[in-house]
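Please keep the sequence and the coordinates at hand while reading.

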Amino acid sequence: MRSQKNIHRLKNWALTGIVGLLVSLLNPVMAQQERVLIPAGSFHSILPEVKGEPISVDSFYIDKTAVTNEDFLAFIQENENWQREKVPAVFTAQNYLQHWQESLNPGFDKIGENRPVTHVSWFAANAYCSDKGGRLPTLNEWEYSAQLMDFESIQEMNRFSTELIGWYSSVDAKNTKAVGSTQIQNRHGVQDQFGLIMEWVEDYKPIIADELSLDCGTVGRLQQLGNIYSYAASIRYITRMSFNPKTTTGMVGFRCAYNIDHPESSSNTQL
């Protein structure tokens with residue numbers, strides 16, 4: 001009899017596990033964001049403007065795609081203090097999540113599914129990532145990951161550069177596409193770091209920001225140091241530097257990064 005009871009319990013546990021797995025697969029809100037390992041390495045940044053001096057970056061994990069409205073809805077359902085009507089004014093501007101139909105209803109029939117969440121402050125993005133056991137990527141981590149792309153030819157590289165100039169010149173914040181839709185990803189599988197939204201980073205406003213402004217002269221000067229990423233990077237740097245931690249706009253979302261437990265397992269990449 002005991003053996004039959006044990007078999008019955010095992011069947012119940014197995015059934016519960018299968019049901020849980022199916023629910024997770026059917027409900028992306030409950031599924032954990034996929035993370036990608038970025039090996040340690042170095043890259044050339046437009047800031048600080050020291051030509052020829054690469055910036056070293058330790059290995060880290062980063063979300064494959066930006067955080068979606070579905071992800072953020074699940075977060076504020078469990079963290080009421082970050083709901084639109086309850087969040088303290090010190091942590092966000094008045095247009096926090098203003099594109100949502102209601103406080104706990106984004107209105108997916110209007111904004112679409114799997115769109116990156118925008119209209120979130122730096123404080124809110126930090127709170128979300130902390131809740132997931134992570135943090136916002138540093139400016140250098142984000143830019144390093146973005147430059148880890150492979151091109152088959154110079155023509156393909158130049159075409160990509162031209163497309164970036166077009167996108168950053170006319171960002172359509174009211175018609176954001178779904179995450180993963182840009183078909184742009186780095187060699188490790190991180191998607192949409194170009195062509196979808198701009199993203200918060202941990203140190204979005206370094207001290208040098210006080211000396212820069214978004215004008216043609218500054219953008220042109222920053223590009224003299226770089227490569228095909230220089231124009232996009234200069235626009236991102238300068239735009240973010242105009243923000244404060246409470247800023248919320250339709251063009252800025254975020255993804256999370258995570259510290260790595262065993263850095264010795266990573267290799268080095270130099271760009």
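Helix H2 is largely enclosed by the rest of the structure, because eight of its 10 residues are buried; buried here denotes a relative accessible area under 20%, exposed one over 50%, and partly exposed the range in between, for a 1.4 Å probe and protein chains only. Helices (H or I, at least four residues) and strands (E, at least two) are DSSP runs numbered from the N terminus. The buried residues of H2 are Asn 69, Glu 70, Asp 71, Phe 72, Leu 73, Ala 74, Phe 75 and Ile 76. They pack against helix H3 (108–111) and H4, where a contact means heavy atoms within 4.5 Å.

The model is predicted: local features need pLDDT of at least 70, side-chain atom pairs count only at pLDDT 80 or more, and totals for chains, interfaces and linings use all residues. Residues are numbered from 1 along each chain as its sequence is written, and side-chain values use heavy atoms, with hydrogens and water left out.

The chain as a whole contains eight helices and eight strands. Of its 271 residues, 46% are buried. Among contacts with a separation of 6 or more, 77% are between residues 24 or more positions apart.

Phe 75 and Tyr 128 form an edge-to-face pair, at 5.3 Å centre to centre with 70° between the planes. This pair links distant parts of the chain, since Phe 75 belongs to helix H2 (residues 69–78) and Tyr 128 to helix H4, 53 residues apart. Phe 75 is buried at 2% relative accessible area, and Tyr 128 is buried at 5%. Elsewhere, ring pairs connect Trp 82, Phe 91, Trp 122, Phe 123, Trp 200, Tyr 204 and Phe 243 into a cluster.

A search of the whole structure finds one disulfide, defined as a pair of cysteine sulfur atoms within 2.5 Å. The disulfide joins Cys 129 to Cys 256, with an S to S distance of 2.2 Å. Cys 129 lies in helix H4 (residues 122–131) and Cys 256 in the loop between strand S6 (252–253) and strand S7 (257–258), so the pair ties together parts that are 127 residues apart in sequence. The torsion about the S-S bond of Cys 129 and Cys 256 is about -85°, and the disulfide is therefore left-handed. Cys 129 is buried at 0% relative accessibility, and Cys 256 is buried with a relative accessible area of 0%.

Ala 232 has a relative accessible area of 0% and is buried. Not counting residues up to four places away in sequence, Ala 232 touches Leu 164, Tyr 168 and Phe 194. Ala 232 and Tyr 168 are 64 residues apart in sequence, and their C-alpha atoms are 6.9 Å apart.

Key:
Rings of Phe, Tyr and Trp (its six-membered ring) pair if their centres lie within 6.5 Å; planes under 30 degrees apart count as stacked, over 60 as edge-to-face and the rest as tilted.
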